[in-house]
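Please brief me on this model.

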Amino acid sequence: MAASIRSSCSRGFSVYWTFFFSGSKCRIPVVDVRESAWSAVSWRRYKSGSEERSTHFGFETVSEEEKAERVYQVFESVAQKYDVMNDAMSLGVHRLWKDALLHVMNPSPGTRLLDTAGGTGDISFRFLEYVRSQEARRAWRAAPSHQTPSWQQISASYQTGRLGTGDGALAVVCDINKQMLKVGRQRAVDLGFSTGLSWVVGNAEELPFDDDSFDIYSIAFGIRNVTHIEQALQEAHRVLKPGGRFLCLEFSRVSNPLLSRLYDTYSFQLIPVLGEVIAGDWKSYQYLVESIRRFPDQEEFKALIEDAGFYKVQFHNLTGGVVAIHSGFKL
Ligand SMILES: C[S@@+](CC[C@H](N)C(=O)[O-])C[C@H]1O[C@@H](n2cnc3c(N)ncnc32)[C@H](O)[C@@H]1O
């Protein structure tokens with residue numbers, strides 16, 4: 001007696017016991033999974049090897065595939081107004097949070113940064129400015145008797161590429177959304193960033209970079225939009241050099257009940273309205289508010305970072321926990 005599997009039609013499979021009785025071949029179906037038992041959708045999923053799983057898009061439960069598509073649409077839709085909306089929604093405070101991230105990062109000349117989910121480039125621009133100002137300060141300290149350099153000295157240092165270049169510092173802005181990167185590139189031109197910056201389309205869950213490539217991995221207001229957070233964290237770990245640092249700036253949990261109530265009222269009642277008035281897009285900003293509530297709190301996220309293999313993981317709350325900076329090291 002033998003068992004055989006037969007894919008007898010395009011949508012299913014059957015398992016038969018085959019045996020010979022009185023010289024004739026008999027076949028008894030043991031399992032017959034065909035159209036009757038499986039829908040066409042189940043079969044497609046079986047063939048592609050992945051049972052479709054559900055996740056959250058804000059407060060809605062959607063398939064993982066749908067979440068990725070809808071997140072893409074959100075940022076495609078808001079890209080042109082993204083920076084104006086950030087200022088309007090946070091009353092400019094997002095600038096201070098981003099400055100705080102750079103303060104914690106404290107990069108030095110020569111650092112290679114991967115700014116994941118980097119969008120329109122805010123973190124990378126700050127990074128380059130920070131590194132260049134560090135370098136200028138060092139050059140000034142090294143100058144004889146701290147004299148202000150002459151015009152000839154300044155011009156000579158630019159010609160030799162020694163001043164204002166960040167001394168080899170590089171920021172790679174990587175984002176899944178081409179539209180966000182397009183706006184970012186234009187901003188870079190407008191702000192006069194011509195060196196030390198590159199723009200790459202890529203998914204945080206499957207980064208298009210070699211292992212051990214970067215000194216710092218940053219992700220600002222990006223990770224809660226990623227479908228598989230654990231996978232993105234593992235990718236962060238993979239692309240960092242040993243000794244490299246992971247830094248994440250993300251909305252988090254407010255612990256003070258009064259502040260929490262105020263914050264909830266402000267974000268649920270006002271942010272979608274601002275989104276509609278400024279960007280003509282209520283739904284995207286409603287998603288933004290809901291996705292913040294869905295994201296793990298400070299301690300839960302810290303545990304996820306540790307699970308990905310990072311050491312010395314810690315976080316700092318900003319604005320009472322509205323936002324937190326998480327940091328960890330790859331050893
Ligand atoms: C709220 S914006 C943050 C942009 C920028 N980091 C900042 O702080 O202004 C979130 C960004 O995450 C990007 N994003 C979402 N899912 C992503 C993924 N799986 N991989 C890479 N980027 C992603 C979006 O395209 C968007 O540009």
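Among contacts in the chain between residues at least 6 apart in sequence, what percentage join residues at least 24 apart? The figure is 67%, where a contact means two C-beta atoms, placed from the backbone, within 7 Å. This is a predicted model: local features need pLDDT of at least 70, side-chain atom pairs count only at pLDDT 80 or more, and totals for chains, interfaces and linings use all residues. Residues are numbered from 1 along each chain as its sequence is written.

**Overall**

- The chain's secondary structure comes to eleven helices and twelve strands. Helices (H or I, at least four residues) and strands (E, at least two) are DSSP runs, numbered from the N terminus.
- Of the 331 residues in the chain, 32% are buried. Buried means that 20 or more other C-beta atoms lie within 10 Å of the residue's own; exposed means 12 or fewer, and partly exposed lies in between, with C-beta atoms placed from the backbone.
- The largest nonpolar core holds 66 residues. Such a core is a set of buried Ala, Val, Leu, Ile, Met, Phe, Trp, Tyr and Cys residues joined through C-beta atoms within 7 Å.
- The residues with the most contacts inside this core are L101, L113, A171, Y217, F246 and L249.

**Annotated site**

- An unreviewed UniProt entry places the feature "binding site" at T120, D175, N203 and A204. UniProt positions are given in the numbering used here, feature names are shortened, and annotations may be inferred rather than shown by experiment.
- T120 sits in the loop between β6 (112-116) and α5 (122-142). T120 counts as buried because 26 other C-beta atoms lie within 10 Å.
- Leaving out residues up to four places away in sequence, T120 touches Y82, D83, M180, V183, G184 and R187.
- D175 belongs to strand β7 (residues 170-175). D175 is buried, with 24 other C-beta atoms within 10 Å.
- With the exclusion of residues up to four places away in sequence, D175 touches A117, G118, G119, M180, L181 and V201.

- β7 is mostly covered, with six of its six residues buried.
- L170, V172 and C174 lie on one side, and A171, V173 and D175 on the other; both faces are covered. In a regular strand the side chains alternate between the two faces of the sheet.
- β6 and β7 pair in the parallel sense over five bridges. Pairing requires that DSSP finds at least two bridges between the strands.
- L113 has A171 as its bridge partner in β7.
- L113 also touches P107, S124, F127, L170, V172, F214, I216 and S218, among others, not counting residues up to four places away in sequence.
- β7 is joined by five bridges to strand β8 (residues 197-201), and the two run parallel. The bridge partner of C174 in β8 is V200.

**Helix α9**

- α9 (residues 257-279) has 23 residues and reaches 31 Å from its first C-alpha to its last. That is close to the 33 Å expected at 1.5 Å a residue, the expected span being 1.5 Å times one less than the number of residues.
- A kink of about 35° lies at L270, shortly before the proline P272. The bend at a residue is the angle between axes fitted to the seven residues ending there and the seven starting there.
- Which residues of α9 are buried? They are S267, I271, P272 and G275.
- An α-helix has 3.6 residues a turn, so residues three or four places apart point the same way.
- The buried residues of α9 pack against α3 (82-90) and α10 (282-294).
- G280 follows α9 and has a positive phi, near 65°.

**Helix α10**

- The 13 residues of α10 should span 18 Å at 1.5 Å a residue; the end C-alpha atoms are 19 Å apart, which agrees.
- Its buried residues are S284, Y285, Y287, L288, V289 and I292.
- These buried residues pack against β4 (54-57), α2 (64-78), β10 (240-251) and α9.

**Two exposed loop positions**

- R53 is found in the loop between α1 (40-48) and β4. R53 is exposed, with 10 other C-beta atoms within 10 Å.
- R53 and S63 are ten residues apart in sequence and 5.7 Å apart in space, C-alpha to C-alpha.
- N256 lies in the loop between β10 and α9. N256 is exposed because it has 11 other C-beta atoms within 10 Å.
- N256 and G320 are 64 residues apart in sequence, yet 7.4 Å apart in space, C-alpha to C-alpha.
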